[in-house]
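This report describes a protein model in terms of its strand pairing, its nonpolar core and its salt bridges. Please consult the sequence and the coordinates alongside the text.

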Amino acid sequence: MKLTVTDPSTGIPLQLDVKPDRLEAEAGYRITYMNGSSFFISNKLGTWRVADDHHVDPDLLVEIGLAIEGQHA
């Protein structure tokens, strides 16, 4: 799915490609930026977390998680 979220630190809208994925035994989503860079997130006990070594601003991670939840509501 395609999502557009606003980067809280810059106010710039980001277009992201979001696909269900698995990292090891963990289910979550692969988030891909327009430049091809990607990272994996999962929701554990109601908190979205980055599950690989990619650094994501915590406020941006919240925005991405809320957008994903809105798509599945």
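## Basis and terms

Two strands are taken to pair if DSSP finds at least two bridges between them. The strands themselves are DSSP runs (E, at least two residues), as are the helices (H or I, at least four residues), and both are numbered from the N terminus.

The model is predicted, so local features are reported only at pLDDT of at least 70 and side-chain atom pairs only at pLDDT 80 or more, while totals for chains, interfaces and linings use all residues. Residues are numbered from 1 along each chain as its sequence is written, and side-chain values use heavy atoms, with hydrogens and water left out.

Five strands form an open sheet in the order 1-2-3-4-5, with antiparallel pairing. Strand 1 and strand 5 (47-50) are the edge strands, each pairing on one side only. From one strand to the next, the twist averages 40° (axes are lines fitted to C-alpha atoms, for helices over the stretch in contact, and angles run from 0 to 180 degrees between N-to-C directions).

Strand 1 and strand 2 are antiparallel and share five bridges; Leu 3 has Leu 16 of strand 2 as its bridge partner. These two strands form a hairpin with six residues between them, and Gly 11 in the turn has a positive phi of about 80°. Strand 2 is joined to strand 3 by seven bridges, again in the antiparallel sense, and Leu 23 has Glu 26 of strand 3 as its bridge partner. The hairpin of strand 2 and strand 3 has two residues between the strands, and Glu 24 there takes a positive phi near 60°. Strand 3 and strand 4 pair over four bridges, also antiparallel, with Thr 32 opposite Ser 38 in strand 4.

## The nonpolar core

Which residues touch the most other members of the largest nonpolar core? They are Ile 31, Ile 41, Ile 64 and Ile 68, in a core of 16 residues. Such a core is a set of buried Ala, Val, Leu, Ile, Met, Phe, Trp, Tyr and Cys residues joined through side-chain atoms within 4.5 Å. At least two core residues come from each of strand 1 (2-6), strand 2 (13-23), strand 3 (26-32), strand 4 (38-44) and helix 1 (58-71). Helix 1 gives the most, with five residues.

Ile 41 lies in strand 4 and counts as buried, at 0% relative accessibility (buried means under 20% relative accessible area, exposed over 50%, and partly exposed in between, with a 1.4 Å probe and protein chains only). Beyond residues up to four places away in sequence, Ile 41 touches Gly 28, Tyr 29, Ile 31, Trp 48, Arg 49, Val 50, Leu 61, Ile 64 and Ile 68, where contact means heavy atoms within 4.5 Å. Ile 41 and Leu 61 are 20 residues apart in sequence, with their C-alpha atoms 8.6 Å apart. Ile 31, with neighbours within four places left aside, has contacts that include Leu 16, Val 18, Phe 39, Ile 41, Ile 64 and Ile 68. Asp 17 is also among the contacts of Ile 31.

Is Asp 17 buried or exposed? At 17% relative accessibility, Asp 17 counts as buried. Asp 17 lies in strand 2 and, apart from residues up to four places away in sequence, touches Met 1, Lys 2, Arg 30, Ile 31 and Thr 32.

Side chains of opposite charge can pair when their charged atoms come close. A salt bridge here is a side-chain nitrogen of Lys or Arg within 4 Å of a carboxyl oxygen of Asp or Glu, and the count by this rule comes to five. Asp 17 and Lys 2 form one of them, at 3.7 Å from N to O. Because Asp 17 lies in strand 2 and Lys 2 in strand 1, this pair ties together parts that are 15 residues apart in sequence. Lys 2 is exposed, with a relative accessible area of 67%.

Lys 19 also meets Asp 17 in a salt bridge, at 3.7 Å from N to O, and Lys 19 is partly exposed, with a relative accessible area of 49%. Another salt bridge joins Arg 30 to Asp 21, with the closest N and O atoms 3.4 Å apart; Asp 21 counts as partly exposed, at 29% relative accessibility.
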